[in-house]
Amino acid sequence: MSTGIQIILLAFLVACALGVSFTPNLFIAVIIFMGYSSIMAVIWLFLESPDLAITEAAVGAGVDSVLFFLTLKKVHFLKGTREG
Amino acid sequence: MNHLETNFYEAVSVILFGIGFMNLLLQNNLIKKFIGLNIMDTAIYLFLAAQGYIFGRVAPILTDGVIDASYYINPVPAGLVLTGIVVSVSITAFSLALVQRLYKHYGSLNMDEIMRLSREEEGE
Amino acid sequence: MEHINWIHNIPFFSIFLAMLGGIITALINNGKIAYKIHMAIIFLICIMSGILLVDVAAKNEIFTFMMGHFPAPWGNELRAGPLEALMAVTFSVVMLLTVGGGANFVFKDVVPEKQHLYFIMLNALFGAMLALIYTNDIFTAYVFIEINTIASCALIMAKGTPQSMVGTTHYLIISLLGSGLFLLGVSILYGITGHLLFPQMKEAIVELIKTEQYHMPLLVVTGFIFIGIAIKSALFPFHSMLPGAYGSATPTSSGILSGLVLKSYIILGIKLIYCVFSAQVMESLRITDILFAFGLSGMVMGSVYAMKERTMKRMLAYSSVAQIGYIYMGIGMGTRVGVTAACFHILAHAVTKTLLFLCCGSFVEDSGGKEKIYHMRGAALRNPLAGIGYTLGALSMIGIPLLAGFISKVYFATASVYSPGKMAAVLIVLGVSMVLNALYFLPSVIAIWTPAKEALNSPSPSVSPAFAVSVIGFIALNLILGIYYRPITHIIQISLDLLAQ
Amino acid sequence: MSNIEDKKTFWQKLKAWVDGEEILLNADKYIATRTPKEHKSWKDRFSVTYVKENRKLYAILSVGISVLFIAIMLSVVNALPEFGSPYNPSNNEVMVRYLEKGIEETGAINFVAGMILDYRAFDTFGEANVLFLAVMCVVLLLKKDGKNFSRQEEQENAEDDYFDTTEERPILQIGAKILTPLVILYGIYVVLNGHLSPGGGFSGGSIIGAGFILYASAYGKKRMQRFFTFRTFTLICAAGLLTYFACKSYSFFTGSNHVGYEISKGVPGDIISAGFILPLNICVGLIVACTMYGFYALFTKGDI
């Protein structure tokens, strides 16, 4: 019944992974990776593992992305995104 | 035994692992390398969790007071993956901190460039 | 209340004591105190492991220890026999001597306010290595492999120089690749056997082989797990992380990493061979032959790289690659005699390589931080003790009688007789590799004993008592392994028989 | 090694080599004339560096390896047990006991929590240690120590502090004011209900950590430092781990030696039940919350 949705989600995962590999822009790569983690969280729900879903949403899409963004800021990749 | 169509979760996770692996080998940019590593890890977790799923059963949390093993899915892979996720976030944090330190000194995120600079520094 | 068998609690105590040391050290903001705590803990663990060794070797037993209230297929388990106890004793003795003798390097290289962090890592690393030795559960092994990785990366980068950061990054990426492959292998193995503990897995695998089910997955799993372990332990084609990492780290770290950490993965591999994939399965899947081939090429290539290297630490790192090749050659022979030789070589190399790294660190210090071999002319004359240590270590690596390296080479040669197809290859490569070892070690030995051309007007270095004790201790260990080797190989043999049951 | 014919006898060259010098005696002259090509001597030919310099070869090689890997793995997947079938090898007596005896033996009605914190607690103890070690590594790398901090960064941090204290960021700050308590409350809920519902120490802890991060990014680190300094950070982490350590060593020791008192499991489904699982979840939650915020603080300012 929901196999169709699951296959679409998995296809999204692969698309995100390929997207990360081929974007030249780091900022976009990190955002795509965030999306990847969020989709992963939904997939955990389909696999009947709510524990993993809640963890992945908090860690993969939350803290991991914050860490990546902070690193991008530290390596001066986000210069010009904030005026002043 | 041909289960490639039914095992689509495993198949996708294997493809993801391959993509992550390719990223790790091919990307010169350290941040992308580590994103590739993360993709690789999550692919393994997907693989592992797919081993535990059973059609028509529910999540391993007591529902409606039913104590019967044929009502819930296998809890073992979920537990292992939970451990794995923790390990991978710790490693991500560690590696990003390393990236910052490297950038501070070499002013570059390119692994080849950094290797070259460090070799130049070393060989007088 | 029942009678408590305290001896069976020793593996659990030693792992948890080391971990506890790591946690407590975090609260102490002082490197010196952290160092003392660390030494005390290792000393305790050393004594406990010694008692364990004496007990299990006398009773000739192998026992399992339940971690928690639940028996084998449900809960975690530890397992200890003579081999594990022997390794634990060796690891703690080597750790004690290395940290004791090398503490000065740490205090000099690491920023004072971060010295206690170094000792957190050492404690955790030691606990994780013990857990890898004692574990009876493949997922626990994975978790502790990760602890090992993080802690060893921390040891490399603790020096804080840019080079060490580069070395760490390289090391981190390659070891994460290794643990990724290992985890993938573990998850497929879980899928086809349904167990995570060694004994149950072994039963399931024997059953699978009998019914010829899942042949292809089993082959690939074995491949992945052993490639993972080989990457982690820097077998020849995967060695590229070693020179950069060891060359840039504090000598203490280099010694521990090369002498112990690499070996802990190999011991895990040996346990996996005997307790999970039985030797027959390994043979029928041809994994041993592949390991054998890589081991042989590692022995030659490692030495060739080392010959071309002009920096002493990097030369020692390449020499480690060659020695790891020896160990894999022994495992790859596929016979129990071969594995015995490999285990003995693990001990011999652990004892010798740490000594070499420590002495090398002291030479570097004497020559004002310069690391090329020709900067170290006369270093041994300025610091005779380190010179003697280095010379003996080098001779042991080459394989001079009365020293540990000689015995392991003899054992390798004897073991080759039992695997007829591989005998010629083993003997030829052993001979070539001994010559190559001599070719790269002797020049450095001659260099350090030749007076310097221009008198270096640095003050004559004072040898700290701890360093002297540690060098003398290592030399003594080397001689013990080289002369009274019979009981040790006997222990290894009986424990391999026990493991294989 | 091509320009080796510098009119030196074999003996002299051998002597130099034994001494560990560069192969040539007049090394200075040689180094001066050395072309960069020398770097690619034969010893590098098999090394990763050499292959890496050939970008094209390297790219083809790595794509090839990955594709080969995917192909092998797809054939493995083809032969693996069927997805979602109840007759797979992994659905065996181990799982049955976890599910059927789990409530009786651990008291947790979330079977996953029961499994990771009671049946296989040794793994989870290792996992908590991994997290602790990782944060200590980050401290080792990024904490200000005089040696690893440049003037430029000092200046950037000062600028950031300036903005934090003076700049008005109404949307962020009002949003944070409303959201932070809710987020932290939700995190606490997830931690405390770890044995009853999905979640547990780790996910709840990271939610609390995210709440702290939100607060710190809205109001600046100065406000955060009023109640959360490096000292509190280490204390909480170490105390959490020590409690964890004490609980687990008690249960391992008593469990394997068949001594000591059984911890009461309580009524399954109550908030105070399941023996050690609730305190362990709280410990893990504390450690994780501190760790996550610690990562954030060290990444931004190099200090907590």
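The C-alpha atoms of chain C fill a box of roughly 75 × 55 × 40 Å along the principal axes. The model is predicted: local features need pLDDT of at least 70, side-chain atom pairs count only at pLDDT 80 or more, and totals for chains, interfaces and linings use all residues. Residues are numbered from 1 along each chain as its sequence is written, while chains are lettered from A and ligands numbered from 1 in the order in which they are written.

The model scores ipTM 0.91 and pTM 0.91. pLDDT is the predictor's confidence in each residue, from 0 to 100. Its mean over chain C is 87, with 98% of the residues at 70 or more. Within chain C, helix α11 (residues 279-284) has the lowest confidence, at a mean of 77. Helix α5 (residues 138-157) of chain C has the highest, at 92.

Chain C contains 20 helices and two strands. Helices (H or I, at least four residues) and strands (E, at least two) are DSSP runs, numbered from the N terminus. Strand β1 (residues 63-67) of chain C pairs with strand β2 (residues 76-80) of chain C in the antiparallel sense, over five bridges. Pairing requires at least two DSSP bridges between two strands. Thr64(C) stands opposite Arg79(C) in β2(C). Four of the five residues of β1(C) are buried. A residue is buried if 20 or more other C-beta atoms lie within 10 Å of its own, exposed if 12 or fewer, and partly exposed in between; C-beta atoms are placed from the backbone. By this criterion, 68% of the 501 residues in chain C are buried. Two residues are in contact if their C-beta atoms, placed from the backbone, lie within 7 Å. Among contacts in chain C between residues at least 6 apart in sequence, 80% join residues at least 24 apart.

Chain A has three helices and zero strands. Its radius of gyration is 15 Å, well over the 12 Å that the globule rule gives for 84 residues, so chain A is more spread out than a compact globule. Its C-alpha atoms fill a box of roughly 55 × 25 × 20 Å along the principal axes. Buried residues account for 48% of the 84 residues of chain A. Of the contacts in chain A with a separation of 6 or more, 44% involve residues 24 or more positions apart.

Five pairs of chains are in contact, and chains C and D share the most contacts. This contact takes 54 residues from chain D and 60 residues from chain C. On the side of chain D that touches chain C, α9(D) supplies the largest share, 14 residues. That side divides into 28 nonpolar, 15 polar and eleven charged residues. Here Ala, Val, Leu, Ile, Met, Phe, Trp, Tyr, Cys and Pro count as nonpolar, Asp, Glu, Lys and Arg as charged, and the others, Gly among them, as polar. Chains A and C do not touch; their nearest C-alpha atoms are 16 Å apart.

The largest nonpolar core has 371 residues. Such a core is a set of buried Ala, Val, Leu, Ile, Met, Phe, Trp, Tyr and Cys residues joined through C-beta atoms within 7 Å.

Note on methods:
The radius of gyration is taken over C-alpha atoms; the globule rule is 2.2 Å times the number of residues to the power 0.38.
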